[in-house]
Amino acid sequence: MKRFFGMLLAVISALLCLCGCGKKTTIEPITDGFTAQATIRYKEMDVKGQFTCSTDGRVTMVFTEPKSLDGVTLGWTGTQMQMQLGGMAIAVAEDSMPDGGLIRCLVQVLSNVGSKKGKQDGKDYVISGEAEGKGYTLVCDAETGLPKSLSVPDEQLTAAFSQVTVL
């Protein structure tokens with residue numbers, strides 16, 4: 001009798017464990033309200049800096065590399081592109097500088113992700129989609145939803161995010 005109850009308990013435990021296997025977890029990716037160190041390859045240009053995407057639609061990149069851009073801040077205010085250096089800010093046409101396309105592309109993708117569903121792949125949550133006709137892949141941390149990397153092949157853009165924190 002003890003053996004029967006032991007086997008019954010084992011079978012019930014196994015069934016309960018298996019019920020949890022089919023459960024899918026939805027990750028809520030964080031695509032605004034964060035800041036991170038970003039290493040970006042855009043077309044033939046490599047840049048590094050502090051990338052910030054606020055909840056009010058503002059996006060900034062404070063460049064640290066290449067040396068020629070060190071200290072320059074390029075941002076999107078929600079309505080216009082702006083460049084800052086040494087406390088002086090000027091509005092710039094986004095098509096007048098190659099970095100303008102970089103910021104515009106990041107804004108388009110991050111604002112498009114929204115509640116798109118992705119697939120969990122180990123410790124990563126991978127979301128693929130399209131923004132203005134260009135495919136992208138965003139990889140987030142599966143536990144926190146914080147972005148880890150972004151790829152937009154049509155724009156020749158890859159970005160890796162580290163030291164990501166919520167604002």
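Contact here means heavy atoms within 4.5 Å. With that in hand, here's a quick tour of this predicted model: an open sheet of 11 strands, a largest nonpolar core of 41 residues, and a closer look at Asp124, which sits in strand 8 (residues 124-131).

**Asp124 and its surroundings**
- Skip the neighbours within four places in sequence, and Asp124 is in contact with Lys119, Val139, Cys140, Ala142 and Lys148.
- Asp124 has a relative accessible area of 22%, so it counts as partly exposed, given that buried means under 20%.
- Thr144 is 20 residues away from Asp124 in sequence, and the C-alpha to C-alpha distance between the two is 9.8 Å.

- Strand 6 (88-92) and strand 7 (119-121) are the edge strands, each pairing on one side only.
- From one strand to the next, the twist averages 25 degrees.
- Strand 1 (residues 34-42) and strand 2 (residues 45-53) run antiparallel and are joined by nine bridges.
- Arg41 has its bridge partner, Asp46, in strand 2.

**The core**
- Ile40, Phe51 and Leu150 have the most contacts inside the largest nonpolar core.
- Helix 2 (residues 98-113) supplies the largest share of this core, with eight residues.
- Leu150, again leaving aside neighbours within four places in sequence, is in contact with nonpolar and other residues, including Leu106, Val109, Tyr136, Thr137 and Phe161.

Definitions and conventions:
Residues are numbered from 1 along each chain as its sequence is written. This is a predicted model: local features need pLDDT of at least 70, side-chain atom pairs count only at pLDDT 80 or more; totals for chains, interfaces and linings use all residues. Side-chain values use heavy atoms; hydrogens and water are left out. A nonpolar core is a set of buried Ala, Val, Leu, Ile, Met, Phe, Trp, Tyr and Cys residues joined through side-chain atoms within 4.5 Å. Buried means under 20% relative accessible area, exposed over 50%, partly exposed in between (1.4 Å probe, protein chains only). Helices (H or I, at least four residues) and strands (E, at least two) are DSSP runs, numbered from the N terminus. Two strands pair if DSSP finds at least two bridges between them. Axes are lines fitted to C-alpha atoms, for helices over the stretch in contact, and angles run from 0 to 180 degrees between N-to-C directions.
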